[in-house]
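Here is a short report for a reader who is new to this structure. Look at the sequence and the model first, then read on.

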Amino acid sequence: MEREFLTISLYVDKDENLIGIPCGESKQFGIADIDTVLVLKAPYTDAQIENFIERVFEACFTKEHDDGNNVSTIEKYMKKKGFVAATADLTLISIVKTKDMYSVMPTFNDYEKGPLCIDDDERMVSGQYSQGELAKEIHDIIMVYMKANAFYKEIEEAERKKSNK
């Protein structure tokens with residue numbers, strides 16, 4: 001059965017390893033992450049990123065979301081209790097694939113709510129993209145949202161130490 005869209009959660013850890021979680025059917029939510037985790041260890045090429053993303057999309061709807069379990073796939077993978085805690089050290093990139101386009105949506109990590117989508121910075125990539133085009137958007141989001149975020153974390157920590165003196 002062909003679906004109108006597929007969605008994956010692509011998490012990036014501090015070492016720039018990619019953690020891909022596909023979606024599946026959910027009676028409770030309609031569509032939700034399933035208990036399948038694929039990992040691409042850094043360093044990697046643009047072709048490896050794009051092949052990895054396609055493998056994660058191929059895993060979509062291979063099983064149903066476990067509606068009876070309140071622990072998310074990323075919590076299980078990170079071995080941390082609570083979605084906010086499990087995603088605190090990760091950068092989430094939400095990717096939706098339709099017949100014609102990929103929507104690549106960066107998130108900002110809110111330390112109380114977890115990852116929040118940044119709608120203003122949604123990147124659209126053609127479904128028939130040229131090699132390296134999708135990977136370029138992933139690299140750009142990592143540079144802007146992960147590495148800049150690490151910089152802001154350092155400033156925040158320095159400010160906290162300063163005020164505690």
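Accessible areas come from the Shrake-Rupley method with a 1.4 Å probe, and for residues only the protein chains shown count as cover. On that basis the protein chain exposes about 9,700 Å². Carbon and sulfur atoms supply 52% of this area.

The model is predicted: local features need pLDDT of at least 70, side-chain atom pairs count only at pLDDT 80 or more, and totals for chains, interfaces and linings use all residues. Residues are numbered from 1 along each chain as its sequence is written, and side-chain values use heavy atoms, with hydrogens and water left out.

**Overall build**

The protein chain has 4 helices and 8 strands. Helices (H or I, at least four residues) and strands (E, at least two) are DSSP runs, numbered from the N terminus. Read from the N terminus, the order is β-β-β-β-α-α-α-β-β-β-β-α.

The C-alpha atoms fill a box of roughly 60 × 40 × 30 Å along the principal axes. The radius of gyration is taken over C-alpha atoms, and the globule rule is 2.2 Å times the number of residues to the power 0.38. For 165 residues, a compact globule would have a radius near 15 Å; the protein chain has 16 Å, which agrees.

Buried means under 20% relative accessible area, exposed over 50%, and partly exposed in between (1.4 Å probe, protein chains only). Of the 165 residues, 42% count as buried. Contact means heavy atoms within 4.5 Å. Among contacts with a separation of 6 or more, 59% link residues 24 or more positions apart.

Lys and Arg count as positive, Asp and Glu as negative, while His and the chain ends are not counted. Each charge is placed at NZ of Lys, CZ of Arg, CG of Asp or CD of Glu. The protein chain has 21 positive and 31 negative charges, and their mean positions are 7 Å apart.

**Strand pairing**

Two strands pair if DSSP finds at least two bridges between them.

| Pair | Bridges | Residues standing opposite |
|---|---|---|
| β1 (residues 5–12) and β5 (residues 91–98) | 8 bridges | Tyr11 and Leu92 |
| β1 (residues 5–12) and β2 (residues 18–26) | 5 bridges | Ile8 and Pro22 |

Of its 8 residues, 7 are buried, so β1 is largely enclosed by the rest of the structure. β1 and β2 form a hairpin with 5 residues between them. Glu16, in that turn, has a positive phi of about 70 degrees. β6 and β7 form a hairpin as well, with 3 residues between them.

**Two buried residues**

What does Ile34 touch? Ile34 lies in the loop between β3 (30–33) and β4. At 0% relative accessibility, Ile34 is buried. Not counting residues up to four places away in sequence, its contacts include Ile21, Pro22, Cys23, Gly24, Ala59 and Thr73. Ile21 is 13 residues from Ile34 in sequence, and the two C-alpha atoms are 7.0 Å apart.

Met105 belongs to strand β6. Met105 is buried too, at a relative accessible area of 11%. Leaving aside neighbours within four places in sequence, Met105 contacts Leu92, Ile93, Ser94, Cys117, Ile118, Asp119 and Glu122. Thr7 is 98 residues from Met105 along the chain, yet their C-alpha atoms are separated by 11 Å.

**Backbone details in the loops**

Ala42 and Pro43 are joined by a cis peptide bond, with omega about 0 degrees. Pro43 sits in the loop between β4 (38–40) and α1 (46–58).

Phe61 is not a glycine, but has a positive phi of about 60 degrees. Phe61 lies in the loop between α1 and α2 (73–78). Lys79 also has a positive phi of about 60 degrees and is not a glycine. Lys79 is in the loop between α2 and α3 (83–87).

Which of these is buried or exposed? Phe61 is buried, with a relative accessible area of 19%. Lys79 is exposed, at 74%.
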